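Dear colleague,

I am passing on the structure we spoke about, together with some notes on what turned up when I went through it. Please have the sequence and the model open beside you as you read.

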Amino acid sequence: MIDLQTQLEASWRKVLMTELDNFSHLTAFINAETQTIYPPNNLIFNAFNLCHFSQTKVVIIGQDPYHGEGQANGLCFAVNDGVKIPPSLRNIFKELHTDLGIIPTSGNLARWAKQGVLLLNSILTVQANKAASHRNKGWEQFTDAVIKQISEQQAQIVFLLWGNYAHEKGKIIDANKHYVLKSAHPSPLSARNFFGNQHFSKTNQYLKDCGKIPINW
C-alpha cells in the first residue's frame with residue numbers, strides 16, 4: 001500500500017493542499033490496480049520532487065508516461081540512462097541541436113528538472129503495455145490544479161506546449177503573466193511542424209530578460 005500524499009515534495013504539498021484533500025480516490029485507485037503500472041511508485045511524483053515549486057522556471061507538458069518496461073521515470077518525454085531514446089525525444093534533441101548546437105547523449109532529463117524545468121505529464125501513471133490506460137481516473141484534474149497554481153502564484157514562467165493536447169491544457173495559463181510557446185508535437189507524425197520552433201533559445205532569452213539563470217539544456 002502506498003500513500004501518494006506523502007510521496008509529494010513538501011513545497012508542492014503546500015500549494016496543492018486543497019487538491020490533496022481529494023486525493024484519497026487516486027490513492028485507492030493506484031493501490032487497487034492489479035496490473036503492473038509505470039513509472040514505479042517511488043517515481044510517480046519525480047517531476048515535482050526534482051523541481052520544487054519556488055524553483056520552477058519552465059513547464060513542459062506531456063500526456064502520459066511511456067508504457068514499456070524500464071522507460072517511464074516520472075518526467076515527461078524522458079527515459080532512464082541507458083534506455084533507447086524514443087522517437088519523440090529524439091526529435092526534441094534534433095531541434096535542440098539545430099537551435100543551440102547541443103547533442104544530448106542520454107534521454108534522462110533529470111538534469112533539466114534540477115534546473116527548474118517541470119516535466120509534467122497530464123496523466124502520471126499508466127498500465128504496462130496499454131497506452132492511456134489511466135486516462136480519466138483523476139490525474140487530469142490534479143495536473144490542471146498544478147498548472148493553475150503555477151499560473152496564479154508565480155510570474156514569468158515559460159510554458160512549452162507541444163501538440164494539441166498540451167494546447168488544451170494551456171487554456172488554464174494566464175498568458176499576460178507568463179511566456180507561452182506553442183508548436184506541433186515532436187512525434188514523428190507531426191515533427192515537421194515542430195522542427196524550427198526554436199523554443200530552447202527563446203526560453204533562455206526570456207529567462208535572461210527576466211533576470212533569471214537560463215537552462216543548460
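For the aromatic residues, two rings of Phe, Tyr or Trp are taken as a pair if their centres lie within 6.5 Å, and planes over 60 degrees apart make the pair edge-to-face. By that rule the count comes to 15 aromatic pairs, and please bear in mind that this is a predicted model. One of the pairs joins tryptophan 12 and phenylalanine 48, whose ring centres are 5.1 Å apart and whose planes stand at 80 degrees, so this pair is edge-to-face. The two residues come from distant parts of the chain, since tryptophan 12 belongs to helix α2 (residues 10-15) and phenylalanine 48 to helix α5 (residues 46-50), 36 residues apart. Both tryptophan 12 and phenylalanine 48 are buried. Elsewhere, one aromatic cluster is formed by Phe77, Trp112, Trp162, Phe194, Phe195, Phe200 and Trp217.

As for the overall build, the protein has 10 helices and 6 strands. Its radius of gyration is 16 Å, close to the 17 Å that the globule rule gives for 217 residues, so the protein is as compact as a globular protein of that length. Buried residues make up 54% of the 217 residues, and 67% of the contacts with a separation of 6 or more are between residues 24 or more positions apart. The protein exposes about 10000 Å², of which carbon and sulfur atoms supply 48%. There are 20 positive and 16 negative side chains, and the centres of these two sets lie 6 Å apart.

Most residues other than glycine have a negative phi, and most peptide bonds are trans. The peptide bond from tyrosine 38 to proline 39, however, is cis, with omega near -5 degrees, and proline 39 is placed in the loop between β1 (37-38) and α5. Asparagine 129, in the loop between β4 (126-127) and α8 (139-153), has a positive phi of about 65 degrees, and its relative accessibility of 60% means that asparagine 129 counts as exposed. Glutamine 198 also has a positive phi, near 55 degrees; this residue sits in the loop between β6 (179-183) and α10 (199-209), and glutamine 198 is partly exposed, with a relative accessible area of 41%.

Terms used: Residues are numbered from 1 along each chain as its sequence is written. This is a predicted model: local features need pLDDT of at least 70, side-chain atom pairs count only at pLDDT 80 or more; totals for chains, interfaces and linings use all residues. Side-chain values use heavy atoms; hydrogens and water are left out. Helices (H or I, at least four residues) and strands (E, at least two) are DSSP runs, numbered from the N terminus. The radius of gyration is taken over C-alpha atoms; the globule rule is 2.2 Å times the number of residues to the power 0.38. Buried means under 20% relative accessible area, exposed over 50%, partly exposed in between (1.4 Å probe, protein chains only). Contact means heavy atoms within 4.5 Å. Accessible areas come from the Shrake-Rupley method with a 1.4 Å probe; for residues, only the protein chains shown count as cover. Lys and Arg count as positive and Asp and Glu as negative; His and the chain ends are not counted. The place of a charge is taken as NZ of Lys, CZ of Arg, CG of Asp or CD of Glu. Rings of Phe, Tyr and Trp (its six-membered ring) pair if their centres lie within 6.5 Å; planes under 30 degrees apart count as stacked, over 60 as edge-to-face and the rest as tilted.
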